[in-house]
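Here are some notes for a colleague opening this entry for the first time.

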Amino acid sequence: MGAIRLEKVKKTFGTLDVIPGVDLDINDGEFVVFVGPSGCGKSTLLRLIAGLEDVTDGKILINGTDVANEAPAKRGLSMVFQSYALYPHMTVYNNIAFGLKMAGESKEVIEEKVQSAAKILNLTDYLERRPGALSGGQRQRVAIGRAIVRNPAAFLFDEPLSNLDAALRVNMRLEITGLHQELKTTMIYVTHDQVEAMTMADKIVVLQAGRVEQVGKPMELYNNPTNKFVAGFIGSPKMNFLGGELAKKYDCHEIGIRPEHFAVSTEKGEIPATVKIAEHLGAETYLHVEADGLGPMTVRATGEIPLGEHDKIFLTPEQDRIHRFDAQGLALAKS
Amino acid sequence: MSTRASTLTGRIMSAPSIIVLFLWMAVPLGMTIYFSFLRYNLLSPGTEEWIGTLNYEFFLTDPAFFASLTNTLLLVGSVLVITVVGGILLGLMLDQPIFGRGVLRLLVIAPFFIMPTVNALVWKNLLMDPVSGMFAWIASLFGLPAIDWFTNAPLTSIIIMVSWQWLPFAVLILLTALQSLDRDQKEAAQMDGAGPVAIFFYITLPHLSRAITVVVLIETIFLLTVFAEIFVTTGGGPGLATTNIAFLVYTQALLQFDVGGASAGGIVAVILANIVAIFLIRLIGKNLDK
């Protein structure tokens, strides 16, 4: 059981408002991802929930009880740190057992819980090793094991995959998602990587400068971003923003079109453009083009397209996929 | 530095300094060993003759030897305990964000820059003097009789002075070690429900083990040869109460002019230091391999 509710949570460092006031509901068993550019306050928000930072103002309710002034251990949460923060002088077994030992559990209970956690995480063969003798992925699993055994109300992950190489990151991403399906415990996951956010989350919270920009399911954010920031942040490559005459035609300040929502033709279309760079990935092709009178744009076409530098092409946006924004960057209803 | 040519060049280049250093050590050592087998007293020059191990027999059966051996071990042991424990506590304090931390750190480090003779004089004349010393004045405020430190507690006085001198070194090393402790580890322990005491014993202390090893090893080397503090304050007395091995060798050589006996004492001191070193490295040196 772990429903978390933030009410007007505020954090200031000196005169700096890091988090001006956040309201958020996290349901039991949900996988919530905090995403945003670095310095947006997502890690601070997580640390506030964990109790590693004191809130300046506001309430943090876990299962209905305000824990804003409780010690971290009393909140019943577990955290996985970016640096793993394993205890280097302890064996893997002792690392995982430490929290239970501090809670005064008996030797038998500790043994049983550590063994079962090790089994879930494929660490049984490594229990007698020290963290120094493990690979990055294994250390990550030990850190997760340490979190699991305490049977927390919620798991907090602070950019847990950013120290791993790309291939391992994809693996661990799947493992963590699988773990969530198995345990069905609330998880809060902080990342700056929108791909991780899109693939793992039940609910994404997009943050900028300590403010919640939008909360929603991954596809909701992709299809209906409420403002320009979310539109630009979610989706890769980035959405193209076009102003000027073209936007006037759609009766707004700016329009946004995702790179994948263009039809590419060499004969005719709405926007004429010149290819600057073509990145051929096999399954898809990224075209970095210079649109006549509109500036640089990115286009994502499926499959192999025999286009290269200086080639003239014509782009036609899918009409129902065009996002419209007003002068303040807020989204307008689709035309 | 992996090809054969570069290894050879390296050897040739470093050879001069290694040879000089080796001679610097080997010649005095060889001469000391040679002298230790001679009857060699500066008061009767020209009568040097080979007497075998007689000097060693005299030195090792001298009651002063055992007294000074005990004093040496007591001195080294006590100062080590005081500086390591005190160093950890002060290090923990100076690691906290307290007001005036910069000035405080400077003050704590300062004693290390004072030469041992001056240190001893300050303690002897300004602090521990039973008539005009500050401790006597403090005692008088409470209506207590003044303690005559160097008469009633001579070894303790020396231990206090030497500890004061070496505490900054321990603080310096341990503080830097404390600052290198990953903050995440402490926070992870906090999440695991460890209180400040548990964090200290399970996280901080193991993290400090290497630094403590370094402090113990280096301090032992220097503490085995404490001399200035004893020379300036008690002169080894009263009786033999503050004579350590280094001071005993000095009295043999320069007060009794017995070069042969002093050389034998010196060799014994070298052997003792090596025994201590072997024990220390066996005991805690493996900490350094990690």
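**Notes on the predicted model**

1. In chain A, the C-alpha centres of domain 1 and domain 2 are 37 Å apart. The domain assignment places domain 1 at 4-232 and domain 2 at 237-332. This is a predicted model, and the points below should be read as such.

2. Where the two domains of chain A touch, domain 1 contributes 7 residues and domain 2 contributes 9 residues. On the domain 1 side of chain A, the residues touching domain 2 comprise 3 nonpolar, 3 polar and 1 charged.

3. Chain A has an open sheet of 5 strands, paired antiparallel in the order β13-β17-β14-β15-β16. Strands β13 (262-265) and β16 (295-302) of chain A are at the edges with a single partner strand each, so one side of each has no neighbour in the sheet. On average, and with direction ignored, neighbouring strands of this sheet are turned by 40° against each other.

4. The partner of β13(A) is worth a look. Strand β17 (residues 312-317) of chain A pairs with β13(A) in the antiparallel sense over 4 bridges. One bridge joins A:Val264 to A:Leu315 in β17(A).

5. Helices α2 (residues 92-102) and α3 (residues 107-120) of chain A have axes that come within 10 Å and cross at roughly 130°. α2(A) is therefore oblique to α3(A). The crossing of α2(A) and α3(A) is right-handed.

6. Which residues of α2(A) meet α3(A)? They are A:Tyr93, A:Ile96, A:Ala97, A:Leu100 and A:Lys101, facing A:Ile110, A:Lys113, A:Val114 and A:Ala117 in α3(A). By class, this contact of α2(A) with α3(A) has 7 nonpolar, no polar and 2 charged residues.

Key:
Residues are numbered from 1 along each chain as its sequence is written. Chains are lettered from A and ligands numbered from 1 in the order in which they are written. This is a predicted model: local features need pLDDT of at least 70, side-chain atom pairs count only at pLDDT 80 or more; totals for chains, interfaces and linings use all residues. Domain bounds come from an automatic or database domain assignment. Ala, Val, Leu, Ile, Met, Phe, Trp, Tyr, Cys and Pro count as nonpolar, Asp, Glu, Lys and Arg as charged, and the others, Gly among them, as polar. Two strands pair if DSSP finds at least two bridges between them. Helices (H or I, at least four residues) and strands (E, at least two) are DSSP runs, numbered from the N terminus. Axes are lines fitted to C-alpha atoms, for helices over the stretch in contact, and angles run from 0 to 180 degrees between N-to-C directions. Angles under 35 degrees count as roughly parallel, over 145 as roughly antiparallel, 65 to 115 as roughly perpendicular and the rest as oblique. A crossing is left-handed if the near helix is turned anticlockwise from the far one by less than a right angle, and right-handed if clockwise.
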